[in-house]
Structures are given as structure tokens and as C-alpha cells.
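This briefing is for a reader who is new to the structure shown below. Please look at the sequence and the model first, then go through the points by topic.

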Amino acid sequence: MKPLVTTIVLLYSTHALAHQGHTDEAAWKACEGEQVGATCSYDRGEYVATGTCQTIEDHLMCVRNRPLTKRTDDAEKSLAPFLFVLLLGARSRRVLSSP
Amino acid sequence: MTARPIRTAVITALIAMGCSSSTAKNNVPETDATSPNNENTEPADMDGQSPADMDGQSDAGAASATLDPSMFLTDGLVQDISQTDCTLSGGTQTTCWQIVVTGSPANHDIGPFCPRNISDGADAGGMWIENEQTYDLSGAFIADLANFYNDPNWQLYDESTGDIYVTETQEACEGAARPDVAPEYQNHCVECDIAYVDGGTERTFLIPVEPVPTTGTNQLGRGALGVSLGGVGFEVSAPVDAILRAYTIAAFDDCGGHVNPFDGYHYHAVTDCQPNVPTDDGHAPLVGFALDGYGMYAMADSEGVEPDDLDECRGHSDEQRGYHYHVGAPGENLIIGCFRGEAGSQQ
């Protein structure tokens, strides 16, 4: 009886790691070396997820608690052509108007 | 016009754009209809009927975060919800709701999970979660796994027939649902039939009638973190990649649930097929209760706006509901982050 109980307990204690699907690796890498409650963030495609590190089944994981925000570098990238044209236009007008 | 006014105008435009993009509604990513699924987490309201309406009971307290037994679908319950003495995780002795569920969803079928051939369409399978997105688990998706993960070791189908390797027996299901997946079950799409647990695993949830807040937070333990209004447990997700290392896909159905031999059918995500109680003030609908007794609501309100003041557990308070949680998106494989109150239990 005892070996059977032990087997069942062992099975239960390990099964959880396999069947549950997995969260984004970035969400728990964001909390490596951090403490519970530390602010964390990680990239989610072109967005940034921000939250705090929480213990989920003995692992620290970044739990998002803010709406996703657009990544700053993506925003700058999308504005780059617009800025270039504006600055180029300003420069050419200054050249034309100079004596 | 000199360069300085232009620069000023550009900076002003940048600030304006930055401000507009900081609103929660605009921050919801647009979803590519050709790849990941839409992550709309606002559950359908059962054709306008609340769970209470569906079984002909009162819908009193529909907007409240206080647990009312009439909110639950009776088909998901083994017996009437009752009250009993209980001891919470912090040692508080109090009265709990005793909710005994059948372990089978009251309002939808279970599955499908794995497609059987790479020619099968999306209807033949459920969904998969990766990079915080949900994907239709179609035959084409299975066929493309090596590219998807950029790893040629993914080979879940017979190249000559296109048949997908699926755990078709209880033995295979149990062998694959472990971290040390046996070699013969690697490169399988893993699914377990609800028949292996006699059609459902009866579970008892003890949830405090009056939540007992804690000064800090309580971490989520192993197992269920709460229960849906349809009588199915919401489970904690493990931040491990064990299943990927074994080249297995532990498929979810389109409702974000799957079966294992221990917990039976359970959810890892809140999707649009779980029953809910709609609110009358535009707030997100109620989808279930956490083990600490606080209500769990969908992620976004009727306008699609996600709250921007959630605490570390993904909860906040308002006048109508008091303290309550808002669940994460299905692709996050995360429902709430921790408990704000002393937790009851689940057996």
C-alpha cells in the first residue's frame, strides 16, 4: 500500500510541470535574479508588458498588471521617415533662403 | 520658417502621439487574422442570458463581486452550493461556500484538442499558446512546427501519410503528461479523453463567504486558483518549458481547457465560451471566483478597455464591486498573479 501511495504522490508532484502548457519564456526570464514584488517588463512582439515579479508554483514570473504599451524603439522607427522628410524640408528651405 | 519652429512642432507632435498611445484602449495589440487568434477575453454572455437566467434562477447580485450560488450553472454542480466551517490559508476560521463540481463544463463540449492529419483544418483541433498569442491547432500548424520553433526535431506526423502522432490511449496520456516524457511519447500531440476520468473529476472548492484580506499577497500554489461559473477549475500555469523540450504539444481546446488524469478537465485561460454574469455599468463580466473569495472578471470592459490600475495580483477596487480581479489574456497562460486574501482550498 505504501509504495502505491508514494507512487501516486510522486506522479502528482511531477505531472503538473508537463501538462499545463507553458508561459512565455520572456515572462519568467524577466524576473531572474529579482525579488518578489520587483517591477519587471518584457517584450511581447511590438509591445512591452509591464508588471511585478510574483511566485507561481515556486518560480518567479513577471505578472503583467498594466495594459500593453507600444515599444518605444518601434514608435521611433515608424516616425523616422516622417521626421526625415520634415527635417530635410526645413534644411532645403534654409539653404534656398540663405544669401 | 526656421528649423527651430519645425523641431518644436515635431516634438509637440511626438508628445501628442505618445499621449494618445498611452490610453489603455489604444494599447491593445491588433491581431493578425492570418496567424494568431484574436485574444478577445470578453466572454460571450450566453446569448444575453446570465448563468442565473439560464437555469431559471434569480440574477440577484449580478453586478456584485460577492459570491451568490445562483450565479453558478447548476449542471456543473454535483449538489447545491452550501456553507460549511473552514480554515483559510492564513489560519482564519470562518464560513466557506462549499462548491462541489462535476468536473465537466456545464455549458460547452470538451475538445477537440489534436487534429489527426496535417490536412485537417482548424475545426479539427483546439488551440496552442506561444509567445503570448493563441494559435489554431490545425493540421497545417502541426506540419509547420519545425519552422515555428526553428528546430528540425519537431516532427509530430508521419511524412508518408500526414497522420499526426496523438496520445490515443489512457496509458499514452499518462505517459506524456509528465515532465520526463517517455521517448515513445515524444513528438506527440498530447490529449487525454475525459472518459479516462469517468466523464469528470469531482472537485470540492471551499471559498470564504466573506473574503479575509491579507496585508501582503499570497502566492498561487499548485492546482486550482479558482472556479468558473460553469463548475470548472481555473488552474495555475507553470513557467517551465518541459513540454517543449519533449517536443510535445499539450493541446488546449478552444475554451482554453484540457484534461489530465488528476484534475480532469480544467482551464488555463479565460476565453469567450465560459459562462459569465454581465454587468450593467459597462464593467467586464464576472467569470468566476478565486479561492480567496474575490470575484474574477474578464480582462476588458464593454469598450474593450483594460484597467490600468491593477495591483500585483491583477486586482483593484471600485465602489460597485469592492476588490476584484481581472484575468489575463488567453495567450498569456496566466489568469491572476496572486491572492489578495487568505485562500480557501480545493480538493
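The disulfide between C173(B) and C192(B) is right-handed, with 100° about the S-S bond. C173(B) sits in helix 5 (residues 170–176) of chain B and C192(B) in the loop between strand 5 and strand 6 (203–208) of chain B, so this link of distant parts of the chain spans 19 residues. The model is a predicted one, with scores of ipTM 0.78 and pTM 0.78.

**Disulfides: overview**

- Over all chains, the count of disulfides is seven.
- When the bonded cysteines of chain B are numbered in sequence order, they pair as 1-2, 3-5, 4-6, 7-8 and 9-10.
- The bonded cysteines of chain A, numbered in the order of the sequence, pair as 1-3 and 2-4.

**Disulfide C173(B) to C192(B)**

- The two sulfur atoms of C173(B) and C192(B) are 2.1 Å apart.
- C173(B) has a relative accessibility of 1%, so C173(B) counts as buried.
- C192(B) is buried because its relative accessible area is 6%, and the cut-off for buried is under 20%.

**Disulfide C86(B) to C96(B)**

- C86(B) and C96(B) are joined by a disulfide with an S to S distance of 1.9 Å.
- The link of C86(B) and C96(B) is right-handed, with 75° about the S-S bond.
- Because C86(B) belongs to strand 1 (residues 82–87) of chain B and C96(B) to strand 2 (residues 93–101) of chain B, the pair ties together parts that are 10 residues apart in sequence.
- Both C86(B) and C96(B) are buried.

**Disulfide C114(B) to C189(B)**

- In the disulfide of C114(B) and C189(B), the sulfur atoms lie 2.0 Å apart.
- The torsion about the S-S bond of C114(B) and C189(B) is about -90°, and the disulfide is therefore left-handed.
- C114(B) is found in the loop between strand 2 and strand 3 (127–130) of chain B, and C189(B) in strand 5 (residues 189–190) of chain B, so the pair ties together parts that are 75 residues apart in sequence.
- C114(B) and C189(B) are both buried.

**Salt bridges: overview**

- Over all chains, the structure holds 14 salt bridges.
- In general, side chains of opposite charge can pair when their charged atoms come close.
- One network of salt bridges links R44(A), R64(A), E306(B), R314(B) and E332(B).

**Salt bridge E332(B) to R64(A)**

- E332(B) and R64(A) form a salt bridge in which the closest N and O atoms are 2.5 Å apart.
- This pair joins two chains, because E332(B) lies in the loop between strand 16 (322–326) and strand 17 (339–341) of chain B, while R64(A) lies in strand 3 (residues 59–64) of chain A.
- E332(B) counts as buried because its relative accessibility is 3%.
- R64(A) has a relative accessible area of 1% and is therefore buried.

**Salt bridge D311(B) to R340(B)**

- The side chains of D311(B) and R340(B) meet in a salt bridge, at 3.3 Å from N to O.
- D311(B) is in the loop between strand 14 (295–297) and strand 15 (315–318) of chain B and R340(B) is in strand 17 of chain B; the pair links distant parts of the chain, 29 residues apart.
- D311(B) and R340(B) are both buried.

**Salt bridge K70(A) to E46(A)**

- K70(A) and E46(A) meet through their side chains in a salt bridge, at 2.5 Å from N to O.
- K70(A) is part of strand 4 (residues 69–70) of chain A, and E46(A) is in the loop between strand 1 (39–44) and strand 2 (47–56) of chain A, so the pair ties together parts that are 24 residues apart in sequence.
- With a relative accessible area of 33%, K70(A) is partly exposed.
- E46(A) is also partly exposed, its relative accessible area being 37%.

**Confidence in chain B**

- Chain B has a mean pLDDT of 82, and 79% of its residues reach 70 or more.
- The pLDDT is below 50 over residues 1–35 of chain B, a stretch with 32 contacts in the model beyond near neighbours in sequence.
- Residues 38–63 of chain B also stay under 50 in pLDDT, and the model has 75 contacts for them beyond four places in sequence.
- Where pLDDT is low, the predicted coordinates should not be read in detail.

Methods: Residues are numbered from 1 along each chain as its sequence is written. Chains are lettered from A and ligands numbered from 1 in the order in which they are written. This is a predicted model: local features need pLDDT of at least 70, side-chain atom pairs count only at pLDDT 80 or more; totals for chains, interfaces and linings use all residues. Side-chain values use heavy atoms; hydrogens and water are left out. A disulfide is a pair of cysteine sulfur atoms within 2.5 Å. Helices (H or I, at least four residues) and strands (E, at least two) are DSSP runs, numbered from the N terminus. Buried means under 20% relative accessible area, exposed over 50%, partly exposed in between (1.4 Å probe, protein chains only). pLDDT is the predictor's confidence in each residue, from 0 to 100. Contact means heavy atoms within 4.5 Å. A salt bridge is a side-chain nitrogen of Lys or Arg within 4 Å of a carboxyl oxygen of Asp or Glu.
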